[in-house]
Amino acid sequence: MRDLIVRFRSYDRSVRLLMVNQFTINLGFYMLMPYLAAHLSGTLGLTAWVVGLVLGVRNFTQQGMFLAGGALADRFGYKPLIVAGCVLRTVAFAALGLAGSLPALIVASAATGLAGALFNPAVRAYVARDAGERRVDAFALFNVFYQAGILLGPLVGLALTAVDFRATCLVAAAVFAGLSVVQIRALPPAGGGERRAGAAAPWRTVLANRPFLLFSTAMIGSYVLTFQVYLALPLEVRRLGGEGTGGTAATALLFVVSGLSTVLFQTRVTAWCAARMAPGRAMVWGLAAMGAAFLPLLAASAVPVPEGGPLRWVLAAGPPALAALLLAFGTMITYPFEMDTIVQVSGDRLVATHYGLYNTVCGIGITLGNLLTGALLDAARAAGLSALPWLVLPAVGLCCAAALHALHRTGRLAAPVPA
């Protein structure tokens, strides 16, 4: 912990503030969102497809508007977009708690997604700009704050939701309101002013960056694999552990293992990798680790499932928790170098727009990947082939690692030579 504090204090005030901001953003977001579906279906009595619609609108709006948010940040500056996103999310979270009609819920959900699209690319571009040559280390520490918010948010939300979900929404809105005020007063202006002839010119510039597009495509698999902490692993826990208290505890263990390991080891893992290998090679190893994360589940699928008792709980909780840990370590290896590589291949131009398009590409990949993974899980259960998903997912990691290795070997992940 002392090392984290020393690292944190070594950065400029703007970078420190952005790290604390990201912790607060995730704290507010995750104290509300994990319990929104239960509120919509339980308190408001909405049908399952309507709940899916409300949640899907948020994700679709956020992923679809990332590119626009990044382009606006490059044009008007990072601070205005960060502040606008936080103010918009303040209003949206309050509306989610107070709205009682479907149209109002859809508008509030869309506003929540749009807010994320406004501040996410701007925050990352701002950190990359002010961290300078220490970008990799800065993004490692940034990820610690990011994961700490994810870890703490649901716990705070659980306590508030036990009282009233509307209280959770209003507290989350208050968190974003306070964050908006702090950023207006304390965050220095940065970025902006990247004019181009025509509104679409920045997008055309980014879309013409072939190394960036190839890198974005190669990294889609890493996000699909990481997202299985929310999809395949909890489903496997539920399949073996059931719906009771034991299954719930095993599912919670996944997120505790993932978040806590990142908070404790992220900066050490990044320092070790940076001292021993090139960024491209580190990302290859990170993707390989993500693919290997599902091998414990493959091995467990060959073990006869006990009828019940402690052994069944161990089988339900152990291999998925180990998979979550390996996924977290793969992400720890990859993430800081990944964020730095985006700046490298952008040539340090239109950085927020590059981050925006990168988030959109990976977000679309996550959506398609989840659909295919869900279909694979259903097909495997119907055919009695429990090992099938745990064969396919490591293959995804291996293919993505091979693609990234090819980009690294051919020099396409290096900064472009200035004209």
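The chain holds 17 helices and zero strands; helices (H or I, at least four residues) and strands (E, at least two) are DSSP runs, numbered from the N terminus. The radius of gyration is 21 Å, close to the 22 Å that the globule rule gives for 419 residues, so the chain is as compact as a globular protein of that length. This radius is taken over C-alpha atoms, and the globule rule is 2.2 Å times the number of residues to the power 0.38. The model is a predicted one, in which local features need pLDDT of at least 70 and side-chain atom pairs count only at pLDDT 80 or more, while totals for chains, interfaces and linings use all residues. Residues are numbered from 1 along each chain as its sequence is written, and side-chain values use heavy atoms, with hydrogens and water left out.

Taken along the principal axes, the C-alpha atoms fill a box of roughly 65 × 55 × 45 Å. Of the 419 residues, 51% count as buried, where buried means under 20% relative accessible area, exposed over 50%, and partly exposed in between (1.4 Å probe, protein chains only). The chain exposes about 18,100 Å², of which carbon and sulfur atoms supply 69%; the areas come from the Shrake-Rupley method with a 1.4 Å probe, and for residues only the protein chains shown count as cover. Among contacts (heavy atoms within 4.5 Å) between residues at least 6 apart in sequence, 85% join residues at least 24 apart.

The chain carries 29 positive and 15 negative charges, and their mean positions are 5 Å apart. Lys and Arg count as positive and Asp and Glu as negative, with His and the chain ends not counted; the place of a charge is taken as NZ of Lys, CZ of Arg, CG of Asp or CD of Glu.

Five salt bridges are found, each a side-chain nitrogen of Lys or Arg within 4 Å of a carboxyl oxygen of Asp or Glu. One of them joins Asp340 and Arg135, at 2.6 Å from N to O. This pair links distant parts of the chain, with Asp340 in helix H15 (residues 310–346) and Arg135 in helix H7 (residues 135–163), 205 residues apart. Asp340 is buried at 8% relative accessible area, and Arg135 is buried at 14%. Arg129 forms a salt bridge with Asp130, the closest N and O atoms being 2.5 Å apart. Here Arg129 is partly exposed, at 48% relative accessibility, whereas Asp130 is buried at 19%. A further salt bridge brings together the side chains of Arg134 and Asp137 (3.6 Å, N to O). Arg134 is partly exposed at 35%, and Asp137 is buried at 19%. Both residues belong to a network of salt bridges that also includes Arg7.

Thr267 is buried, at 4% relative accessibility.

Asp348 is exposed at 54% relative accessibility, while Leu350 is buried at 0%.
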